[in-house]
Amino acid sequence: KEETTEQNFEGYINKNVKDGTVLNIISSKKPNKRNTSGHKGVSWSKQHKKWETYITFQGKRKHLGLYTDKQDAVKARKQAEEKYFEPVLEKYKDVSE
């Protein structure tokens with residue numbers, strides 16, 4: 001049983017982890033169930049009283065900025081997804097399908 005679990009995990013890694021990132025996570029548009037903004041990578045900063053945007057790519061979290069308007073924060077996040085995620089998803093599109 002332990003060997004089967006290990007093989008399944010290795011199969012998952014081989015299929016889904018490319019260029020240091022997990023394809024099925026970056027291709028998902030659905031926010032985490034704990035998300036309160038309704039958008040991935042956008043959250044309210046109590047400290048700054050602004051919308052904070054970030055993106056995690058290849059294990060590193062990148063701060064994208066603080067925005068007064070929520071839609072500006074969402075737009076910044078979408079632009080970052082295009083910059084960081086799209087090239088990887090395009091390169092491995094046959095794997096993620």
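## Strand pairing

Two strands count as paired if DSSP finds at least two bridges between them. In this predicted model, strand β4 (residues 50-57) and strand β5 (residues 60-67) meet that condition, since they pair over seven bridges, in the antiparallel sense.

## Aromatic pairs

A pair of aromatic rings is described by two quantities, the distance of the centres and the angle of the planes. The structure holds three aromatic pairs. Among them is the pair of F57 and Y84, with 5.5 Å centre to centre and 40 degrees between the planes, which is a tilted arrangement. This pair links distant parts of the chain, as F57 belongs to strand β4 and Y84 to helix α3 (residues 70-91), 27 residues apart.

F57 also pairs with F85: the ring centres are 6.1 Å apart and the planes stand at 40 degrees, so this pair is tilted. It likewise links distant parts of the chain, with F57 in strand β4 and F85 in helix α3, 28 residues apart. Through ring pairs, F57, Y84 and F85 are joined into a cluster.

## Burial in the cluster

How buried are F57 and F85? The relative accessible area of F57 is 10%, so F57 is buried, the cut-off being under 20%. For F85 the value is 4%, and F85 therefore counts as buried by the cut-off of under 20%.

## A charge over a ring

Which residue lies over the face of Y54? R61 takes that position, at 3.6 Å from the ring centre of Y54.

## E81 in helix α3

E81 is located in helix α3. Its relative accessibility is 13%, so E81 is classed as buried, given that buried means under 20%.

What does E81 touch, once its neighbours within four places in sequence are left aside? The residues in contact with E81 are then K29, I55 and E86.

## Summary

Helix α3 and strand β4 are linked by the pair of F57 and Y84 and by the pair of F57 and F85. Strand β4 in turn pairs with strand β5 in the antiparallel sense.

Terms used:
Residues numbered from 1 in each chain as written. Predicted model: local features only at pLDDT ≥ 70, side-chain atom pairs only at ≥ 80, totals over all residues. Heavy atoms only, no water. Phe/Tyr/Trp six-rings, centres within 6.5 Å; stacked < 30°, edge-to-face > 60°. Helix = DSSP H or I, 4+ residues; strand = E, 2+ residues; numbered from the N terminus. Buried < 20%, exposed > 50% of the residue type's maximum accessible area, 1.4 Å probe, protein only. Lys NZ or Arg CZ within 6 Å of the ring centre and 35° of its normal. Contact = heavy atoms within 4.5 Å.
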